[in-house]
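Please open the model in your viewer and keep the selection tool at hand. The tour below goes from one selection to the next and says what is found at each.

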Amino acid sequence: MLHFSKAKIWMIAVVCALGVLFTLPNFISPGTLPSWVPQNRVSLGLDLQGGSYLLLEVDMNTVIRERLEGALDTTRTALRNGNIRYTDLAVRDRAVTFNLNDASQAEAARAALGDLLNSGISQTQRDFSFSNDGPRVQVALTDAGISDRQARAVEQSIEIVRRRIDETGVNEPVIARQGSNRILVQLPGVTDPDRVKRLLGQTAKMTFHLLGDETAARGTAAPPGTEWLPSIDPASRGQQYLVRKKIEVDGATLLDARPGSDQQSGTWVVNFEFDSAGARRFADITRANVGRPFAIVLDGKVISAPVIREPITGGRGQISGNFTTQSANDLAVLLRAGALPAPLTIVEERTIGPDLGADSIRAGIIACLVGFVLVVGYMIMSYGLFGLYANIALIFNLFLTVAGLSLLNATLTLPGIAGLLLTLGMSVDANILINERIREESRKGRSAFAAMEAGFTRAFATIVDANLTTLIKMLLLYAVGTGAVRGFAVTISLGIITSMFTATVVTRLLMVTWLKKNRPKVLSVTTGFRLAPDDTKIRFMRGKRLGLIFSVLLSIASIGLFFKPGLNYGVDFAGGIVMEIRTPKPADFSELRESLSQLNLGPVQLQEFGQPTDVLIRFERQPGDEANQQAAVKAVQDKLAAEFAGTQIRRVESVGASVSGELFQQGMLALGLAAIAMLIYIWFRFEWQFGVGAVVTMLLDVTKTIGFFALTGMQFNLTAIAAILTIMGYSINDKVVVYDRVRENLRLYRKMPLGELIDRSINETLSRTIGTSVAIFLATLPLALFGGEALQEFAIVLLFGVVLATSSSIFIAAPILLYLGEHRLRRNAPAEQGAGETGNPAAGAKTGA
């Protein structure tokens, strides 16, 4: 364990150097480093640089309806061509149904519909199935056909969304599929996404139709094969056109569309050009219908209905309609990008202003620097030279973590900054475990080399167990989380992996190099600064009943607080609209409330958010579709601009009820899966008594944390779930350390009463328990002081969790193990020869810390 070959030393040096090298692109100008060095950088999230986040949902009902309407037209044509007489042809549920005049023609109808029935993914997975009951025939859309059509609709929508956004010039947009029918769009730097939302909200399905009977009176029923469509041409706004349903020319054949100006009138128009197939069809239609009006229909509305003066044979045309520069350009963008297969609905929207992003970066940097200084200072005060070595390893750990994030092209968010700081505190835990174990072995009289060998060997198993439980939890958080919460999980996971390397390899190399150079007879891993005295003999188990009773009562009270007054659900879970504003002078809440109440938006909640000039406005999601939500936000913005001049809109979040419900379910699923996974792991590594004791204690900690949320009124949102999962991980981590020492002592003191043995184990690990808690507390404290409003609540909950988890390891987890383990653990203990009740702890010890 203390031998390092030259090859191993070089390998460690290369890994550390690569960590530094791969981190550098984040701090220097592009092109400064040689071309062979990866130039990957960590991107800043929208909450740090400002921008808009949109979650779009593809309207699958429209996809299915259009597929069935197409099948209806195909069926009508096929039956007529096959001279098969029918009645009552219509779409019902997810099928096309009709009645045959002659029931014996069922097989002839099946043959006539052969092309439709043979369409599909493969020969075994067709889009439609054919069935009949006498004269009644049903052509039903199959599950495979629905799935295929939906998958293609989402893929096509993603591509069209990408084209439309690229046309607007947004830099480095993120467009990705999320779930089965949603599209995630992140637009860095876009702080007014209204234009983008308008572009994405239009299906942009353009078709060309002939008009029906022009003598038909407005408001009468449309004759078969026609429909009344409204006009959006300003020159004829409000007018209804009777349009034939048959599509003469499909806009899908458009080759190009550009804004331009009409040479005669000087007004803005949109010039378009068809491909060869579209040009031939357009020429045939205009040639056969000279003198008749020709309707240009966009998303079910007539944008223009010019009269065909002469055949248009060149494949080029012009759309006029009193356009402005912006509207002509937007229509051209839509037509060039292509039509969406179905409408997109904005189910979640978050917009962050650039000034808020700059404030977040400033607060994050200050919190990181202060946290780093506090932890480094604490390690040097506690362990002197060995603390300095731990700090050097800590610096390389940060480099390797950022390098990993860079290579993954990860996005750094506010929770990600919190993750870096927590990584700092959790990385110190491994070094504290090692230093405390080396110190313990030295106090037993071991030589310097033997103490260091034993310290690293015996601490290693505990480090692995403690870090793996946290890693399991973060993998679950990544699996069920979304957005910034996933970024938090990735940051912590990378930090854990790199800390395993820096704590057990880099630190060991530095310490061994010093040891071989100086060759002291005895190691002194201390500076005299101790948070917990040596050789404590506190009888913790004497208060086992009191501790359990008090903990259960607090948990019951917390459950009561969960129901009343209940949790203050954030917009993530409750849905609705949240706006963060900054007023030029301290906000007058009564005046603000009175002004906003005039908008009839329902109950409006106002909350001071940090400074007296920062206000959080929250109101319920408005009835109706997304347009109503946007109208409500616009109404608030206009009201603030008119009556509170100089007010800044720093953040806007709008979350639909369906999304908020899903996010809540995912959060609860993450908590449940984390508890089950940790129980299984500890059961596998120890005994079932240890697993049950750790998980029950962790769940008691979780209930108290939820009670803390209810009592303080802090927002319970996705960030709160991340905080609870972090507390769960630290809680288990702390229990693993104590339990590992209990497991080791069970092998050493086979006749010692279990209560006395648990007391001994807690006292032996007390320095580590308190030391690690202080390190994590110091790393988290700057978040609460300097991390800004977005991270303050998160940090406060973590500080509460650290204190809670530390105390529960001693006063809850240990008594539960005592009640569950009496007799059973003794029966399962290995029958080793060696120490008796008061024998030498060094004899026979194999694992543990």
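Begin by selecting Asn 99 in this predicted model, and then look across to E6, where the bridge partner of Asn 99 is Arg 136. Extending the selection to strand E4 (residues 95–100) and strand E6 (residues 136–141) shows an antiparallel pairing over five bridges. These two strands belong to an open sheet of four, in the order E3-E4-E6-E5, with antiparallel pairing. Its edges are strand E3 (86–92) and strand E5 (128–133), each of which pairs on one side only, and the twist from one strand to the next averages 15 degrees.

Next, move to the largest nonpolar core, which has 127 residues and in which Met 452, Leu 523, Phe 690, Met 728, Ile 758 and Phe 794 have the most contacts. Helix H20 (residues 718–748) supplies the largest share of this core, 18 residues. Centre the view on Phe 794, which, leaving aside neighbours within four places in sequence, is in contact with Ala 418, Leu 422, Phe 488, Thr 719, Ala 722 and Ala 723. A second, separate core of 27 residues can be selected through residues including Val 249, Leu 254, Ala 279 and Leu 298.

Finally, select helix H21 (residues 754–764), where eight of the 11 residues are buried, so that the helix is largely enclosed by the rest of the structure. The buried residues include Ile 758, which is also among those with the most contacts inside the largest nonpolar core, as well as the polar Asp 759, Ser 761 and Asn 763.

Notes. Residues numbered from 1 in each chain as written. Predicted model: local features only at pLDDT ≥ 70, side-chain atom pairs only at ≥ 80, totals over all residues. Heavy atoms only, no water. Buried < 20%, exposed > 50% of the residue type's maximum accessible area, 1.4 Å probe, protein only. Core = buried A, V, L, I, M, F, W, Y, C linked by side-chain atoms within 4.5 Å. Contact = heavy atoms within 4.5 Å. Pairing = 2+ DSSP bridges. Axes fitted to C-alpha atoms, helices over the stretch in contact; angles between N-to-C directions.
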